[in-house]
Every structure is written in C-alpha cells, then in structure tokens.
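Visitor: I would like to learn how to read this model one feature at a time. Please give the general idea, then the case at hand.

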Amino acid sequence: MNIRSNMSGSLWKVLVNVGDQVEEGQEVAILESMKMEIPIVSEASGVVEAILKNEGDFVQEDETVVRLQG
C-alpha cells in the first residue's frame, strides 16, 4: 500500500518511522505549499515499510511518500 501526496509541495515533516504501526486516517507526514501545512493521511492501516522522501524534498502530486507492508 502506497501513501501518496494529494498535492505538490515541500515535505516539511515526516511523522512516522520505518516499523511504526499506522492506522487508517492517521497523519504520516506534512507538506508545505504556499505557506500552508497540508497533512498526508494514510488510507489504510499497516506497518511502515519504507519512507521514500526526506524532509525538505519537493514532492509532486500523487507521488508516493510512504510505503506500508502488504
């Protein structure tokens, strides 16, 4: 399961670590775009397998930020 960005912006903060259990609806990261903070929310429950972007990276709309196992 891939957790994707819903818009383009700078990845301001990653709120999870590899191995963390996340629940559906949980914020996993925060984007900054046009001086607004936009949460990236998990659409499913699972364990974080990989974090594909680093804080400060620019993320395109629909780009995978976090991958869950399964």
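Visitor: Which residue in S6 is the bridge partner of Gln21?

Guide: Val47 in S6 is the bridge partner of Gln21. Before going on: this is a predicted model, where local features need pLDDT of at least 70, side-chain atom pairs count only at pLDDT 80 or more, and totals for chains, interfaces and linings use all residues. Residues are numbered from 1 along each chain as its sequence is written, and side-chain values use heavy atoms, with hydrogens and water left out.

Visitor: How many bridges join S3 to S6?

Guide: Strands (E, at least two residues) are DSSP runs, numbered from the N terminus. Two strands pair if DSSP finds at least two bridges between them. S3 and S6 run antiparallel and are joined by two bridges.

Visitor: What is the strand order in the open sheet, and which are the edge strands?

Guide: The order is S1-S8-S6-S3, four strands with antiparallel pairing. Strand S1 (2-4) and strand S3 (21-22) are the edges, as each pairs on one side only.

Visitor: Is Ser42 buried or exposed?

Guide: Buried means under 20% relative accessible area, exposed over 50%, and partly exposed in between (1.4 Å probe, protein chains only). Ser42 has 2% relative accessibility, so it counts as buried. Ser42 sits in the loop between strand S5 (36-41) and S6. Contact means heavy atoms within 4.5 Å; leaving out residues up to four places away in sequence, Ser42 touches several residues, including Ile3, Val22, Gly25 and Leu68.

Visitor: Where does Lys53 lie, and is Lys53 buried or exposed?

Guide: Lys53 lies in the loop between strand S6 (46-51) and strand S7 (58-59). Its relative accessible area is 18%, so Lys53 is buried. Among the residues that Lys53 touches, not counting those up to four places away in sequence, are Leu11, Val14, Phe58 and Glu63.

Visitor: With which side chain does the side chain of Lys53 make a polar contact?

Guide: A polar contact is a pair of N or O atoms within 3.5 Å; within protein, one must be able to donate a hydrogen and the other to accept it, and residues adjacent in sequence count only if both atoms are side-chain atoms. The partner of Lys53 is the side chain of Glu63, at 2.8 Å.

Visitor: Which residue other than glycine has a phi near 50°?

Guide: Most residues other than glycine have a negative phi. Met34 has a positive phi, near 50°. Met34 is in the loop between strand S4 (27-33) and S5, and counts as exposed because its relative accessibility is 72%.
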